[in-house]
Amino acid sequence: MPLNTAAWFVLIGTLLIMMGLRSPILQRLHLTPSIVYLAVGVALGPTVFGAFHFNPLEQAHLLEILAEVAVLVSLFIAGMKMPVPVRWREWRAPVRLAFVSMTISVALTAAFGYFVLSLPLGAAILLGGILAPTDPVLATDVQVRHMGDKDALRFTLTSEAGMNDGSAFPFIMLGLAMLSAPVSYELIGSWVMKDVLWSTVSALLIGFVMGRLLAHIVRKQRLLGGESPLLDDFLGLGLIGLVYGACLLVEAWGFLAVFAAAISLRQAELKLAAIGPLTRDTGSAPEVQPDRAMPQHGTHVSEGSLLFKEPLERLSELVLVLLLGGMLFLDSWSVRAVGMALFLFMVVRPASVLLGLLGSGTPLRLQLLVGWFGVRGIGSIYYLMFAIVFGLPEDMAVEFIHITLVVIVLSIIIHGLSVKPVMLKWWPDTPPRGDQLK
């Protein structure tokens, strides 16, 4: 019997209260929120009781928008929590993961799709782009916990997820282009210049400039407005919308730009707070005082935004994982789908991390843990829906839906059940000094 509106309200309300109470039973069983939501979704979906079914082919555009919003909010939150400024010493490992390891991951996944699954080369590359990015929405248990968290593992995983949702987009576009036109030097050249260079560089530029600009505007406004409060939530959401919209207009990668804008805003606020408040009389600033605490009425858009956006992120996780359960059928669990998932977790992720960080000086234990915690989730759903809306052939879309759903479900279960035991045993709260950010 299908669920009515009242039943949905009761169900979602019950799940939110249960998660809010942080049940000791769930904690003892090492069950993450995503596992609980998935279990409820699968039980109510076509796999078990059939109380609801969400058809991703018919509702591709709606699901694309839902996933898009969830990823944008999550990327902004991740960027806000980055504990260090953008310096190569701290960011060399995440940058290599997001670009070098991403490329290796797409290549290995595409090779599996081409040689084992017998997909056309364009489709294999597209599938590699869909499955390669790690997820900023479902990986909260291994992400930076707060703005001052300098744990090297959490920072590496969070910053990688923040960047590779944008760095995967060129491969999505390459795969779609190769499905609609024969491969040629002209096609590859256009892809490199437009989708790789222009879209990436312009996204970073838009994000960093707009984030910094907002920090200065807010600082000036607070000076002129005295003690009158600003709506930090609106400012944060406005920055997301402005940056993402600007990127759509110039065909830049908006996910990457939103992450960059959040980092830029946060770091600009910290620098302005260290300088101290402007004086009303002259507009001059006192000398820099690095040890000074941030003023109570300083530019805190980043901190104020998190109060609203973190619950929004958790709510989007609940809704999308429930819908995920409603998309699964028993016949989704094909040998092809499970084989791709296991190859991705056991071969692609560890190999791409180790190769991408080769010679980087990153501690081996950190590399091994990063190689395990490559959580797949909402980002892959977005890229899949983007490809379907773009015009992916229906038979190919159905197979890609099955493969992607199985990969995400297994990632939620395997990574979700292993995160707490692995973190407790191999990565305590106070790891050796060499594994901490400076």
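Helix α8 is mostly covered, with nine of its twelve residues buried. This is a predicted model, so take what follows as a reading of computed coordinates. Elsewhere there are six salt bridges, 15 aromatic pairs and a largest nonpolar core of 120 residues.

**Helix α8**

- α8 runs over residues 169-180, and from its first C-alpha to its last it reaches 17 Å, close to the 16 Å expected at 1.5 Å a residue.
- Which residues of α8 are buried? They are Phe169, Pro170, Phe171, Ile172, Met173, Leu174, Gly175, Leu176 and Met178.
- Phe169 has 8% relative accessibility, which is why it counts as buried; the cut-off for that label is under 20%.

**Aromatic pairs**

- A search of the whole structure turns up 15 aromatic pairs.
- Take Phe112 and Phe343: their ring centres are 4.6 Å apart and their planes sit at 20°, so this pair is stacked.
- That pair links distant parts of the chain, with Phe112 in helix α5 (residues 88-115) and Phe343 in helix α13, 231 residues apart.
- Phe112 is buried, with a relative accessible area of 13%.
- Phe169 and Trp253 are stacked too, because their ring centres are 4.6 Å apart and their planes are at 5°.
- Phe169 belongs to helix α8 and Trp253 to the loop between α10 and α11, so the pair ties together parts that are 84 residues apart in sequence.
- Trp253 counts as buried, at 8% relative accessibility.
- Which aromatic residues form one cluster with Phe169? Tyr244, Trp253, Phe255, Tyr382, Tyr383, Phe386 and Phe390 do.

**Salt bridges**

- As background, side chains of opposite charge can pair when their charged atoms come close.
- The structure holds six salt bridges.
- In one of them, the side chains of Arg349 and Glu160 meet at 2.8 Å, N to O.
- Arg349 lies in helix α13 (residues 335-356) and Glu160 in helix α7 (residues 152-167), so the pair ties together parts that are 189 residues apart in sequence.
- Are Arg349 and Glu160 buried or exposed? Arg349 is buried, and so is Glu160.
- Glu251 and Lys194 also meet through their side chains in a salt bridge, at 3.3 Å, N to O.
- Here Glu251 sits in the loop between α10 (232-250) and α11 (254-275) and Lys194 in helix α9 (residues 185-225), so parts that are 57 residues apart in sequence are tied together.
- Glu251 counts as partly exposed at 45% relative accessibility, and Lys194 is partly exposed with a relative accessible area of 33%.
- Arg336 and Glu399 form a salt bridge through their side chains at 2.6 Å, N to O.
- This pair links distant parts of the chain, as Arg336 is in helix α13 and Glu399 in helix α16, 63 residues apart.
- Arg336 counts as partly exposed at 33% relative accessibility, and Glu399 counts as partly exposed at 22%.
- There is also a network of salt bridges that links Arg87, Arg89 and Glu90.

**Nonpolar cores**

- Which residues touch the most other members of the largest nonpolar core? Ile378 and Phe400 do, in a core of 120 residues.
- Helix α16 gives the largest share of this core, twelve residues.
- Leaving out residues up to four places away in sequence, Ile378 touches Ala67, Ala70, Val71, Asp135, Val137, Leu138 and Leu320.

**His415**

- Where is His415 placed? His415 is in helix α16 (residues 394-426).
- His415 has 4% relative accessibility, so it counts as buried.
- The side chain of His415 reaches the backbone oxygen of Trp372 at 2.9 Å.
- Not counting residues up to four places away in sequence, His415 touches Phe345, Trp372, Phe373, Gly374, Val375 and Leu410.

Conventions. Residues numbered from 1 in each chain as written. Predicted model: local features only at pLDDT ≥ 70, side-chain atom pairs only at ≥ 80, totals over all residues. Heavy atoms only, no water. Helix = DSSP H or I, 4+ residues; strand = E, 2+ residues; numbered from the N terminus. Expected span 1.5 Å × (residues − 1). Buried < 20%, exposed > 50% of the residue type's maximum accessible area, 1.4 Å probe, protein only. Polar contact = N/O pair within 3.5 Å; in protein donor to acceptor, adjacent residues only side chain to side chain. Contact = heavy atoms within 4.5 Å. Salt bridge = Lys/Arg side-chain N within 4 Å of Asp/Glu carboxyl O. Phe/Tyr/Trp six-rings, centres within 6.5 Å; stacked < 30°, edge-to-face > 60°. Core = buried A, V, L, I, M, F, W, Y, C linked by side-chain atoms within 4.5 Å.
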